[in-house]
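Let's walk through a protein model together, one piece at a time. Have the picture ready and follow along.

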Amino acid sequence: TIPTAHDNTDVSGNFSVYVPAGPYTIRFAPPRCVSLGAQRLANQLVSTATNLGTITLPDAFAVTGRVLDQASNPVSGADLDFFDAVSGARQATARDNTDASGNFSVLVPDGVYNINIDPPSAINLLVGRVNSISVSGPTSLGDVILPSGIPVSGTVLGPGGSGVLNVDIDVFQPSTSTFVRLAHDHTAANGSFRVVVPAGTYDFRFIPPACSTLAPAELKSVQVTSALTLPTVNLVQGV
């Protein structure tokens, strides 16, 4: 996220924001209590003064509910992501985290969505999934229960023993190649990571960030039955 100043629209809907040159994804979040959906522009290159033209925010409806753990405790800070059920495209949203009571209210345009509910990083809960939710008016999901999981942590280092930032952690079941939905599945600046998975046997894949010259790595047939720290993963230069 690039820090910006004076980044709200005026009474006429106009805006002018200064940013460094670069490619950006730009998100437009409507104000509270307005029944409009968020919008995003992906891969927008800014190298000179740039006019984005008119951005139209779609009419939207509130999708509401509450996120709980298996003991019926509210889950605060869970993040909801909406995906078009047909194309898989992610729908831009604003104010899409649960409050202290686990409640959420997210405005989205009409459509059919698959919804991921990502728990906060500090608790051992699995990503929730609600499929094929049709939204054509105010829609309640009721209580969504996030099941408990097992934390798996580790460190990814590059040549010279330095941590590698933003390595993507993918977890697959070896027998079916079915992936496990993960939250917080990228390494920190020191190469550390912590993901939560169900009990089982998995292949762990470590995918360097785009434009990196490092080769991916894999740990195969890892049994997860209790909290686990994986061996240090050392990425090497690729050819």
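This is a predicted model: local features need pLDDT of at least 70, side-chain atom pairs count only at pLDDT 80 or more; totals for chains, interfaces and linings use all residues.

## How open to the outside?

Residues are numbered from 1 along each chain as its sequence is written, and side-chain values use heavy atoms, with hydrogens and water left out.

Side chains of opposite charge can pair when their charged atoms come close. The cut-off for a salt bridge is a side-chain nitrogen of Lys or Arg within 4 Å of a carboxyl oxygen of Asp or Glu. How many does the structure hold? There are 5 salt bridges.

One of them joins Arg90 and Asp81, at 2.8 Å from N to O. Arg90 has a relative accessible area of 45%, so this residue is partly exposed. Asp81 has 8% relative accessibility, so Asp81 counts as buried.

Now look at Asp203, Arg205, Glu218 and Lys220, which are linked in a network of salt bridges. Asp203 and Lys220 meet through their side chains at 3.5 Å, N to O. This pair links distant parts of the chain: Asp203 sits in strand 13 (residues 200-207) and Lys220 in strand 14 (residues 217-224), 17 residues apart. Strands here are DSSP runs of E with at least two residues, while helices are runs of H or I with at least four, and both are numbered from the N terminus.

Is Asp203 buried or exposed? Asp203 is buried, at 5% relative accessible area, while Lys220 is exposed at 55%. Lys220 also forms a salt bridge with Glu218, at 3.7 Å from N to O. Glu218 is partly exposed, with a relative accessible area of 35%.

Next up is an open sheet of 3 strands in the order 6-3-9, with mixed pairing. Two strands pair if DSSP finds at least two bridges between them. Strand 6 (103-108) and strand 9 (139-146) stand at the edges with a single partner strand each, so one side of each has no neighbour in the sheet.

Strand 3 (residues 61-69) and strand 9 run parallel and are joined by 6 bridges. For Val67, the bridge partner in strand 9 is Val144.

Notes: Buried means under 20% relative accessible area, exposed over 50%, partly exposed in between (1.4 Å probe, protein chains only).
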